[in-house]
Amino acid sequence: MSFQPQRVVVERGHRSGVPIVVAVHSTVLGQAIGGCRLAAYPDWRDGLDDALRLSAAMTGKAALAGLPHGGGKTVIALPAGHILTPARRRDALLDAGDVIAGLHGTYATGPDVGTGPADMVTIGERTQHVFCRPAEAGGSGDSSPHTAAGVLAALRAVAVERFGSPDLTGRSFAVLGLGRVGTHVLRLLASAGAAHLVAADVDPSRREVAAEYGATWTDPHDCLTAEVDVLIPAALGGLLTPDTVPRLSCSAIAGPANNQLDVLSTADLLHERGILWAPDVVVSAGGIVHAVAAELHHETEAQISARIDGIGDTLAKILHAARETSSTPAAAATRLAEFLASERTASMLAA
Ligand code: PHE
């Protein structure tokens, strides 16, 4: 997916004074969607870069999930070390809401790293184009259990490809990041009968969560390099690099973190090491699938679960295509996403 966006708005929030970036990567398939990230950056331009890369990934994610949507992303780029008081945080979210309102429905937001359903209510004071408000506020609520369900479907597809069976019993997993999605993934793995679980988070208080599900707690570095069947990146992206890949001891990688590869060519390094990497744009789609199907198409939970299970089928097809063409899963996913989200395909399908 090319990073070149369709439209980018960068604005200093008039209430908060904080830089707000909204990147609309593509609306070829429909309204752009993508969460609102609230994070600290060394410079606001780093936040802009993040928004550009993440919005391009959202285009691939929506297209590969079969949604009639394009990709976008909001980044509220806090200066490094800047602590927001609750009042300032609210101001920053309202500012983001104003920028989104100015895009007149070409883009809708949702939760992302640093924001949650309650924040969507605040953004929703300024624009109706917001997913995942809590049910009592008229939204589909927290998307993280659904993202985790999609990860499980993806893990079963990886297990078929790598170990010849979708059964996760007896397999070992390392979950890197026990935030909202990572915690649900750990819970689902424990109830699926995984034999050995390792978990880590930069926040030491998450250790109790690891213990609750019988996972061995490690520091994030040891989790990354743990000797397990599957490594599950569930925190920030950029963790797979020419520096970290030689140190990995897993057989496969599949997790919900967005933009796990520092650059696309790192997929080749993983391939050369014989590590199967399931493209994050496919693995992480459960949240948007649920939000869009529930809020825009009013599907039943059973219909939505079937769609989320479909993530496993899509991944299986991509892994198969990669094998058939002797390419990496990353290249196969990019090819398919570019085909699906191209002007030509879109107009062919509309005709
Ligand atoms: N953080 C979600 C993702 O990356 C964004 C999102 C979820 C957007 C739900 C809309 C609805 O997929």
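Trainee: Does Ala321 count as exposed, partly exposed or buried, and why?
Mentor: Ala321 counts as partly exposed because it has 16 C-beta neighbours inside 10 Å. A residue is buried with 20 or more other C-beta atoms within 10 Å of its own, exposed with 12 or fewer, and partly exposed in between; the C-beta atoms are placed from the backbone.

Trainee: What should I know about the model and the numbering?
Mentor: This is a predicted model: local features need pLDDT of at least 70 and side-chain atom pairs count only at pLDDT 80 or more, while totals for chains, interfaces and linings use all residues. Residues are numbered from 1 along each chain as its sequence is written.

Trainee: Ok. Which helix is Ala321 in?
Mentor: Helix H11, residues 301–324. Helices here are DSSP runs of H or I with at least four residues, strands are runs of E with at least two, and both are numbered from the N terminus.

Trainee: What separation do the C-alpha atoms of Ala321 and Ala332 have?
Mentor: They are 6.4 Å apart, and the two residues are 11 apart along the chain.

Trainee: At what angle do H10 and H11 pack?
Mentor: Helix H10 (residues 286–295) packs on H11 at about 150 degrees, with the axes 10 Å apart. Axes are lines fitted to C-alpha atoms, for helices over the stretch in contact, and angles between N-to-C directions run from 0 to 180 degrees.

Trainee: What does that make H10 and H11 to each other?
Mentor: They are therefore roughly antiparallel. Under 35 degrees counts as roughly parallel, over 145 as roughly antiparallel, 65 to 115 as roughly perpendicular, and the rest as oblique. The crossing of H10 and H11 is right-handed.

Trainee: Which residues make the contact?
Mentor: Gly286, Val289, His290, Ala293 and Ala294 of H10, with Gln303, Ile304, Arg307, Ile308 and Ile311 of H11. In contact means that the C-beta atoms, placed from the backbone, lie within 7 Å.

Trainee: And how do H4 and H11 cross?
Mentor: The axes of H4 (residues 144–163) and H11 come within 8 Å and cross at roughly 35 degrees. This crossing is right-handed too. The contact includes Ala149, Gly150 and Ala153 of H4, and Ile308, Gly312 and Leu315 of H11.

Trainee: New topic, the sheet. What order are the strands in?
Mentor: S9-S8-S7-S10-S11-S12, 6 strands in an open sheet with parallel pairing. Two strands pair if DSSP finds at least two bridges between them.

Trainee: Is S8 mostly covered or mostly open?
Mentor: Mostly covered, since 4 of its 5 residues are buried. S8 also pairs with S9 over 2 bridges, and Val198 stands opposite Thr216 there.

Trainee: What about S10, which way do its residues point?
Mentor: In S10 (residues 230–233), Val230 and Ile232 point one way, Leu231 and Pro233 the other, and all are buried. In a regular strand the side chains alternate between the two faces of the sheet. S10 is joined to S7 by 4 bridges, and to S11 (residues 252–253) by 2.

Trainee: Last one, the loops. What is phi for Cys132 and His298?
Mentor: Cys132 has a positive phi of about 70 degrees, and that of His298 is near 50 degrees. Most residues other than glycine have a negative phi.

Trainee: Where are they, and is each buried or exposed?
Mentor: Cys132 lies in the loop between H3 (117–123) and H4 and is buried, with 29 other C-beta atoms within 10 Å. His298 is in the loop between H10 and H11 and counts as exposed, with 8 C-beta neighbours inside 10 Å.

Definitions and conventions:
A crossing is left-handed if the near helix is turned anticlockwise from the far one by less than a right angle, and right-handed if clockwise. Two residues are in contact if their C-beta atoms, placed from the backbone, lie within 7 Å.
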